[in-house]
Amino acid sequence: MQPRTPPNIYGLEAPSTFPTNLPVSKTRLLIAEPSASMAINNNQIAVKTTPFNYYYLGKSQWVDRAPSMVQALLLRSFQNTNAVISVEDVAVGYNQDYELAPELWDFQAEVFNGASRVKVTLLGRILDRKKGRILAMKRFEATTPITPPTATESPLAVVPAFNTALSKVIQETVIWTLHTLSTFPQNSQN
């Protein structure tokens, strides 16, 4: 019996550069794990070959399930802004004012209709945790070409395209969230 070859594990980077004029929020923000379909709610690198068919890159996987990885990168990105008094990824006894409750709609490479690209779509929802209602919602989407287009079976070509697309979506989500939070009542407690 031959030993199994372990999979190659890939992670992505959190954006660390943000505009310097972001509003500073005195609110406490909870970052929920994005909901996602089972096709992308796993640690496999998803590829769509038609609008209806997924497969996964063999011997390659994400460092965590895609929604969990996106949640961690959102959290790290908010922390990189230094613009929120408190940002957490779990409700650990804090009394958070607001919650970013995202949905991960797309997180896959796409190789059909002449395209070789990565597509990331995230729906951002800001909830008032005290009143239990949605206050704002916005859709964020980015596509990045896979270079070269024939390298769709290579994680070395696909993963950088994922990183570029997700970084754009996260950066836009963070900026929108901070600007939106600045229009809501701020927590007077520090």
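A residue is called buried when its relative accessible area is under 20%, exposed when that area is over 50%, and partly exposed in between, with a 1.4 Å probe and protein chains only. By this rule, buried residues make up 51% of the 190 residues in the protein chain. The structure is a predicted model, in which local features need a pLDDT of at least 70 and side-chain atom pairs count only at pLDDT 80 or more, while totals for chains, interfaces and linings use all residues. Residues are numbered from 1 along each chain as its sequence is written, and side-chain values use heavy atoms, with hydrogens and water left out.

The protein chain has two helices and 10 strands, where helices (H or I, at least four residues) and strands (E, at least two) are DSSP runs numbered from the N terminus. Followed along the sequence, these elements give the pattern β-β-β-β-β-α-β-β-β-β-β-α. Of the contacts in the protein chain with a separation of 6 or more, 71% are between residues 24 or more positions apart, a contact being heavy atoms within 4.5 Å.

The interior comes next. A nonpolar core is a set of buried Ala, Val, Leu, Ile, Met, Phe, Trp, Tyr and Cys residues joined through side-chain atoms within 4.5 Å. The largest such core has 51 residues, and those that touch the most other members are L12, L29, W62, F78, F107, V118 and F162. Helix 2 (residues 155-181) gives this core its largest share, 13 residues. In soluble globular proteins, nonpolar side chains tend to be buried together.

Leaving aside neighbours within four places in sequence, F78 is in contact with several residues, including L29, V174 and L178. L178 has its place in helix 2 and counts as buried because its relative accessibility is 0%. Although L178 and F78 are 100 residues apart in sequence, their C-alpha atoms are 8.9 Å apart in space.

Some details of the backbone also deserve attention. Most residues other than glycine have a negative phi, and most peptide bonds are trans. K59, in strand 5 (residues 53-62), has a positive phi near 60°, and K59 is exposed, with a relative accessible area of 60%. N82, in the loop between helix 1 (66-81) and strand 6 (84-88), has a positive phi of about 55° and counts as exposed at 65% relative accessibility. Finally, the peptide bond from T147 to P148 is cis, with omega near -10°, and P148 lies in the loop between strand 10 (133-145) and helix 2.
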